[in-house]
Amino acid sequence: MEIIRETIEDLKEQYLADDRPWVVTYSGGKDSTCVLQLTLSMLQELHVQGLDQKHTYVVSSDTTVEMPVIEKYLQTKLDEITTFASKTNLKLSCHKLSPKVEESFWTLLIGKGYPAPTNTFRWCTERMKIDPATEFLSNLVNKHQSILMLLGVRSAESQARQASIAKRKLNQRGLTPHEHIPDAYVYSPIKHWSNEEVWTYLSNVKNQSTPLPWKDHNYMMSLYDKGSGEADCNIALNPESPSCGKTRFGCWVCTVVEKDRSMEGMLHNGEEWMQPLWEYREKLYEWRKPDSGKRDTRRRNGSFGPGPFLPQTRRELLQSLLEVEQETTQNYHHMKKDAPDYNPDEKVELIKDEEIRLIQENWDTDGDIQKSAFRIAQQFGRLMDESVETPLRNKLEKYSNTLNIDLFERIYEIEAYRKNISTRYGVIKDIEKRVVDFYAGEYREAN
Ligand code: SF4
């Protein structure tokens with residue numbers, strides 16, 4: 001295809017035009033793979049002539065709540081690219097950008113009780129995608145004065161995309177200043193490629209001008225068949241990506257969408273082992289509703305209205321997340337044992353130990369006197385070295401014949417939760433309700 005040669009020549013021209021290092025944003029989807037593949041061919045051609053002097057950063061976003069098949073796929077690709085770059089002596093490195101542990105989905109949802117995100121309270125995108133990307137790119141700009149980002153956007157993707165590409169102000173070299181990061185420029189080498197041209201190029205790995213890190217893209221194509229959605233999710237790394245939640249492979253916990261169609265597609269197409277994830281997301285979707293009984297009736301600032309998930313809800317969420325983790329791992333081994341890439345040591349990890357530690361820290365300040373997060377984790381063989389002793393709990397143990405420690409804790413939580421709120425209005429009512437709910441729960445369990 002002539003367009004391939006033309007694009008590689010354009011890339012060469014851009015590369016040689018200045019000293020700016022390159023950042024290729026890579027989601028593992030077809031368009032970003034297309035740009036990366038073209039870049040790899042171009043770099044090898046320049047390498048032969050000793051002209052590949054600048055560094056290229058291949059950058060991917062990982063929210064740490066990506067669908068397990070997508071997370072694994074992306075990691076495999078990044079490993080292949082790294083090995084390839086080292087074999088071919090290309091000046092290229094791969095970087096996965098994730099939120100800080102204190103900003104992770106589980107720390108905020110289970111630790112602090114943030115209700116699962118909605119369109120109006122979408123607290124996740126900024127923390128899990130935009131902030132890590134902005135920090136990484138800004139650091140690069142500080143180090144190198146300026147950078148050039150290569151995006152896999154195309155006019156043919158949608159009318160909205162066409163309009164946004166047409167609106168861009170380009171400088172003489174066809175670059176656009178990044179909207180939010182000063183001294184970062186954006187270049188879209190395949191903006192005029194059609195869908196068909198992208199797929200044809202990707203189907204012809206063997207006939208390219210240079211070697212590539214992969215033999216084919218069959219697995220990626222099968223993921224496209226299984227999933228659904230608008231396009232690749234690369235928000236922040238790609239300022240023009242479709243709004244978060246509408247992307248082809250979003251986070252598996254995403255409750256911004258009413259139905260997770262990509263997960264649905266996966267479950268119907270050979271990835272049934274992820275069914276427990278689907279059920280957990282449905283639970284988050286229901287529980288975040290203000291009338292679910294799972295949320296506090298006051299906000300953190302004391303005002304009346306749907307507040308965070310109650311401490312009991314958060315304990316249930318952690319318990320059931322770890323159950324889902326265990327069940328999904330078992331399902332994987334049961335269903336995939338004859339698959340060609342089966343790994344008997346594979347474990348689906350949905351939450352990290354460091355997140356559970358931070359959840360416990362948050363619960364401590366909310367009046368959890370039993371180290372409940374550690375106790376729950378230890379039921380699943382996690383964090384076995386963490387102490388579950390607390391001074392208050394130890395003192396109370398002496399009176400456990402006459403004192404219901406669990407009930408004491410439920411009431412104590414109310415006071416701990418409201419310790420920074422000046423008004424006492426409604427506290428007695430809250431305590432009454434908590435006691436009634438507690439005994440109602442015990443009654444239900446007993447019957
Ligand atoms: S895909 Fe959904 S959960 Fe993930 S960052 Fe976007 S809106 Fe949030």
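Predicted model: local features only at pLDDT ≥ 70, side-chain atom pairs only at ≥ 80, totals over all residues.
**Notebook: helices, sheet and core**

I counted 16 helices and 6 strands in the chain, taking helices (H or I, at least four residues) and strands (E, at least two) as DSSP runs numbered from the N terminus. Residue numbers start from 1 along each chain as its sequence is written.

**Overall**

I put a box along the principal axes, and the C-alpha atoms of the chain fill roughly 85 × 50 × 40 Å. Of the 447 residues, 38% are buried. Buried here is 20 or more other C-beta atoms within 10 Å of the residue's own, exposed is 12 or fewer, and partly exposed is in between, with C-beta atoms placed from the backbone. Then I checked contacts (C-beta atoms, placed from the backbone, within 7 Å). Among those between residues at least 6 apart in sequence, 68% join residues at least 24 apart.

**Sheet**

What order do the strands take in the open sheet? I read S3-S2-S1-S4-S6-S5, with mixed pairing; a pair needs at least two DSSP bridges between the strands. S3 (92-97) and S5 (176-177) are at the edges with a single partner strand each, so one side of each has no neighbour in the sheet. I also looked at S1 (residues 22-25) and S4 (residues 147-150), which run parallel and are joined by 3 bridges. Trp22 has Leu148 as its bridge partner in S4. Helix H3 (residues 68-87) lies across S2 (56-61) and S3, at about 160° to S3; the axes are lines fitted to C-alpha atoms, for helices over the stretch in contact, and angles run from 0 to 180 degrees between N-to-C directions.

**Core**

I looked up the largest nonpolar core and found 83 residues, with Val23, Val58 and Met149 having the most contacts inside it. Helix H2 (residues 30-48) gives the most to this core, 7 residues. Such a core is a set of buried Ala, Val, Leu, Ile, Met, Phe, Trp, Tyr and Cys residues joined through C-beta atoms within 7 Å. Leaving out residues up to four places away in sequence, Met149 touches Val23, Thr25, His178, Ala184, Tyr185 and Val186.

H1 (residues 2-16) has 15 residues and reaches 22 Å from first C-alpha to last, close to the 21 Å expected at 1.5 Å a residue; expected span is 1.5 Å times one less than the number of residues. Its buried residues are Ile4, Thr7, Leu11, Gln14 and Tyr15. They cover an arc of only 95° around the axis, so they sit on the same side of H1; I took the arc from the directions between the helix axis and the C-beta atoms. What do the buried residues of H1 pack against? I found H2, strand S6 (184-187) and helix H7 (195-203). The face turned away carries the exposed Glu2, Arg5, Glu6, Glu9, Glu13 and Leu16.

In H15 (residues 405-417) I found Glu409, Arg410, Glu413 and Tyr417 buried. Their arc is only 100° around the axis, which puts them on the same side of H15.

**Positive phi**

Gln145, not a glycine, has phi near 75° and lies in the loop between H5 (124-144) and S4. It counts as exposed, because it has 11 C-beta neighbours inside 10 Å. Lys371 has a positive phi too, about 50°, in the loop between H12 (353-365) and H13 (372-379). Is Lys371 buried or exposed? I get 20 C-beta neighbours inside 10 Å, so Lys371 counts as buried.

Technical notes
Contact = placed C-beta atoms within 7 Å.
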